[in-house]
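Please keep the structure in view while reading.

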There are 2 protein chains.
Amino acid sequence: MTTGIRHDEMRKRNRALVIAAVRRADQPSRTEIARLTGLSHSTISAIASDLIEEGIMREIGQGEAAPARRGRPQVALGLDPEAATVVCLHLSFNSLSAVLVDYCGRVIDTGTHHLSTLALSRQALLDAAVSAVREIACGREGFLRIAFAVQGITDAAGRQMLWSPITPHSDIAFGPELEAAFGVPVTVQNDCNMIAAALRWRNPERYRDNFIALLLSQGIGMGLMLNGQLFTGTHSSAGEFGHMIHRPDGALCRCGRRGCIEAYAGNYAIWRKAHGKSAMEKPIADIKAGEMEALAATARRGDGPARQAFREAAEAIGIGIGSLFALIDPAPVAMVGQGTAAFDILEPEIRAALAQTAGGQHADDVSFETWPDEVPFIQQGCAMTALTGLDWEVFGPGLRPGAGGRKPEDGRVVA
Amino acid sequence: MTTGIRHDEMRKRNRALVIAAVRRADQPSRTEIARLTGLSHSTISAIASDLIEEGIMREIGQGEAAPARRGRPQVALGLDPEAATVVCLHLSFNSLSAVLVDYCGRVIDTGTHHLSTLALSRQALLDAAVSAVREIACGREGFLRIAFAVQGITDAAGRQMLWSPITPHSDIAFGPELEAAFGVPVTVQNDCNMIAAALRWRNPERYRDNFIALLLSQGIGMGLMLNGQLFTGTHSSAGEFGHMIHRPDGALCRCGRRGCIEAYAGNYAIWRKAHGKSAMEKPIADIKAGEMEALAATARRGDGPARQAFREAAEAIGIGIGSLFALIDPAPVAMVGQGTAAFDILEPEIRAALAQTAGGQHADDVSFETWPDEVPFIQQGCAMTALTGLDWEVFGPGLRPGAGGRKPEDGRVVA
DNA sequence: TTCTTTTTTTCGAGGCTCGAAAAAATGAGC
DNA sequence: GCTCATTTTTTCGAGCCTCGAAAAAAAGAA
């Protein structure tokens, strides 16, 4: 907060706060909103009637579980699903999926396209994104946002994809391209960050201020929530857990460097090791889930190269988590993705490695949760990102006149 | 911002904002404050006259560099040095220093005590802190805060020291003890975090939102600024860069584990290696600066064990920075402390190691700044932490009546 | 039908920031 | 030395916003 608060801003923020409360809570009454926000009943009443009149919120009669108490019954409030729609895109290896979501977060329609991401030109990828949006939104009244999740590194501003294992091209400006095509704000974000956003949304009890989402699949991705905010770096989406160095001058990584965690724990690394190949052998782009499952089955049967491969993967992950914990303290970890299918093999070794690190002092206390399918998380993360963006940037401020206002100039105040 | 804004809060925050602007800028006029904060002249005028009346601010006549323009001359404003004083404590190996600072941040008095921290009992350490404060504040009107910097791990709440290499005792509750003794708020913080705070204060151009302060000395400490905020973990001060794993099952660290960065880059590690000792030999608590300087001189003369020791230290630091950059993106780095005396030897090797990592893609662009003496930074960081704490928590809110106000209850709104 | 209880709305009070205008304080020009 | 121009600071009324208290609304209980 480096800038002064003016009067209109107070209203805007309190409006946004009410919207956020309604989105979070399950059809709260005005009284409950007052309790959640700390604002007075009168204020909530005023803001609510504004929002209802503007078609952002609506009354939903008595809440389901009407407690049939005495007194005047509470009137449940909910966001108006027709207030807006948003489009979520998800680009991953050989696949591009689109989802249309209403203002309440309910899925209206979905569509998936298969394409050869490694072979497509830069322009073909951009075109594919545009036509996926066009197809899902076809004939429907205008959507207000696009949230685009990509498997790869994005820039911190959420404008483009900087690098991805799914295509040889870099710096693909999906943001500007889609904005030009549809005239709505677009955010481009790392898929793992969307997973983290979804986890927080689904289970704020467990995933609140500091937690880690690890995506175990061909590569190793991470979404990091610090102090309740998705962590991104100065330039990029950052959080490249998979490319922290596990063993200096170690195994060859997909990124071309050596010794990265991913070079031990990615699918290709496990496959390479289990098949007795050299650690310097060029990584394979895509190893099928079935093949990994077969390796896991072999490993479960007893010691051998497969078992050793998973052991090394677990060690890399465990030590990496330990180093991360040294930096940010132990925090809940969610493991997501196909790689979690072998988590029964990995877990003991991960814990053993973690226990050797400073961050893993209480390795037994660290709890892992696993989810084999990352796709629903990515989709929900995109949806909630786009919708809460609308809440705070569009419907909170509203479009009342006189919203100009001054901005403080350079040399901002540092607190 | 999970809670609604009420009217009085708006004033409080704008007041605090004005105070912050005056602290930041060099004796700004009301007009300049308006520009910096984005608030209107009328508001600044009103707030300024309040603050002056309350003895928090004062007019300082014309600013030094009076530009002698036409019009009514600006009236420079400054914080009233007599508005408050704060005490800064700094506990490190065998040393406890205290500084009394006025509300403008000027040092009023300093004092240093030598003590055998490794030998003292828990209570003796607590007593030493209390008497250091008593001595520095003796006879002077009451100070309003104590900021305590310790070499070691503190808890995230800033209440106590959890662990430190300077004493065998753990969980020493300096915060409660000092608060009980003096009845003022106390914050206990990691010394490296204070270094980071000071860097930001001294050079916000370079050290603004994301940067790293590394303390190279007996051990390796880090202060991490992320998104303009000092990073602390959920439980502890975190940021234990020195205990990230450099080589699994590697050299013995002071913390009892193996392969930590510190076990290669701390003074004891360099000394151990340079003297041809085993990497598993028990670390030495304190190696004198002169001895390290001698080792560096030997290393400068040519290849040999000393040179190799510095080389391994640099590699550990470089790869560690690379892993950190993979997580948070490249950021400015400040190296502080006695260990920087050998930075001429370390730098090329650090850059070489960094260049091999994913985070060090543009290793040549990364800039390092070195400062051999960490003490002034720690002191200034403490002072600014205590003073800005006063600004926002005491003088901003003020003590006008009716400040009660409601608080939102549980189930806070998640944005 | 009346009383009790709870939710929601209404209404006036009090605060805050803002813009415009006035006041203050100086240099420039003659 | 006086007046005018220029810039800073203060004053003042308008417009919002939130708040508390009271009123209104909407039910169950008796």
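Which residues come nearest to DNA strand C? In this predicted model, A:Arg6, A:Thr31, A:Ser45, A:Gly71 and A:Val75 come nearest, out of the 31 residues around DNA strand C.

**DNA strand C**

- The backbone of A:Arg72 places a polar atom 2.8 Å from a base oxygen of DNA strand C, while a polar backbone atom of B:Arg72 lies 3.3 Å from a base nitrogen of DNA strand C.
- The side chain of A:Gln74 has an N or O atom 2.8 Å from a phosphate oxygen of DNA strand C.
- Two or more residues each are given to the surface near DNA strand C by helix H2 (30-37) and H3 of chain A, and by helix H1 (7-24) and H3 of chain B; H1(B) gives the most, with four residues.
- By class, this surface near DNA strand C holds five nonpolar, 15 polar and eleven charged residues.

**DNA strand D**

- DNA strand D is surrounded by 31 residues, of which A:Arg70, B:Arg6, B:Thr31, B:Ser45 and B:Gly71 are the closest, and sugar and phosphate make up 72% of the atoms of DNA strand D that come within 4 Å of the protein.
- Phosphate oxygens of DNA strand D lie 2.7 Å from a polar side-chain atom of A:Thr43 and 2.8 Å from a polar side-chain atom of B:Arg30, whereas a backbone N or O atom of B:Arg72 lies 2.7 Å from a base oxygen of DNA strand D.
- The elements giving two or more residues to the surface near DNA strand D are helix H1 (7-24) and helix H3 (41-53) of chain A, with helix H2 (30-37) and helix H3 (41-53) of chain B; the most come from H1(A), with four residues.
- The residues of the surface near DNA strand D comprise five nonpolar, 15 polar and eleven charged.

**A sheet in chain A**

- Five strands of chain A form an open sheet of mixed pairing in the order E12-E11-E10-E13-E14.
- Strand E12 (229-230) and strand E14 (368-371) of chain A stand at the edges with a single partner strand each, so one side of each has no neighbour in the sheet.
- Strand E11 (residues 220-226) of chain A pairs with E12(A) in the antiparallel sense over two bridges, and A:Met225 stands opposite A:Leu230 in E12(A).

**A helix pair in chain A**

- Helix H4 (residues 122-137) and helix H5 (residues 174-182) of chain A pack with their axes 10 Å apart, at an angle of about 45 degrees, and are therefore oblique to each other.
- The crossing of H4(A) and H5(A) is right-handed.

Terms used
Residues numbered from 1 in each chain as written. Chains lettered and ligands numbered in written order. Predicted model: local features only at pLDDT ≥ 70, side-chain atom pairs only at ≥ 80, totals over all residues. Heavy atoms only, no water. Near = heavy atom within 4 Å. Polar contact = N/O pair within 3.5 Å; in protein donor to acceptor, adjacent residues only side chain to side chain. Nonpolar A, V, L, I, M, F, W, Y, C, P; charged D, E, K, R; others polar. Pairing = 2+ DSSP bridges. Axes fitted to C-alpha atoms, helices over the stretch in contact; angles between N-to-C directions. Parallel < 35°, antiparallel > 145°, perpendicular 65-115°, else oblique. Left-handed = near helix turned anticlockwise from the far one by under 90°.
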